[in-house]
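Biologist: I would like to learn how to read a model of this kind, one feature at a time. Could you take me through it?

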Amino acid sequence: MTKKQISKLKKICVEYGAKLVLKKLDSYGQYDDDKKIVYLHKDLIWNEKIVYSILFHELGHKYCCDNNIYVAYHHSTGGKQAYILTALRAEKFVDNWAAKELKKRGFKFRYPYFYSVSSRIKKLKEHTKQEADRYFN
Ligand SMILES: [Zn+2]
């Protein structure tokens, strides 16, 4: 991504009260609510649809954290089972939020609902269990 592209993304994050940091990650994006940082993978190749979709997906997690939506998933308050059981619903909520938000801002592409793909859902389930084992044990 070019400096110009990155600065556009940074501006958007600021509008939503977050900071953008590019970093090497296991996934394309990540949101850290303690630091209010949206992380995007530093090697992401510019593609408007993909990059904005990932960015707004992560901002959707911020929206949930700020508004206490799916707290068992976002703030790990309900224990291990609740965390595991709400993961997919929370991710789908975030996908829907991101799609709406992008539309509101005038983006014309179709948002790729990340958690409507079965391979992705399977990965989430595995990942969620690993995370839960780490948090709650
Ligand atoms: Zn997510």
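Biologist: What percentage of the 137 residues of the protein chain count as buried?

Modeller: A residue is called buried if 20 or more other C-beta atoms lie within 10 Å of its own, exposed if 12 or fewer, and partly exposed in between, with C-beta atoms placed from the backbone; here 25% of the 137 residues count as buried. This is a predicted model, in which local features need pLDDT of at least 70 and side-chain atom pairs count only at pLDDT 80 or more, while totals for chains, interfaces and linings use all residues. Residues are numbered from 1 along each chain as its sequence is written.

Biologist: Which secondary structure pattern does the protein chain follow along the sequence?

Modeller: Helices (H or I, at least four residues) and strands (E, at least two) are DSSP runs, numbered from the N terminus; in this protein chain they follow the pattern α-β-β-β-α-α-α-α, which comes to five helices and three strands.

Biologist: How many bridges join β2 to strand β3?

Modeller: Two strands pair if DSSP finds at least two bridges between them; four bridges join β2 to β3 (residues 37–41), and the two run antiparallel. Gly-29 stands opposite Leu-40 in β3, and in the hairpin, which has four residues between the strands, Lys-36 takes a positive phi near 55°.
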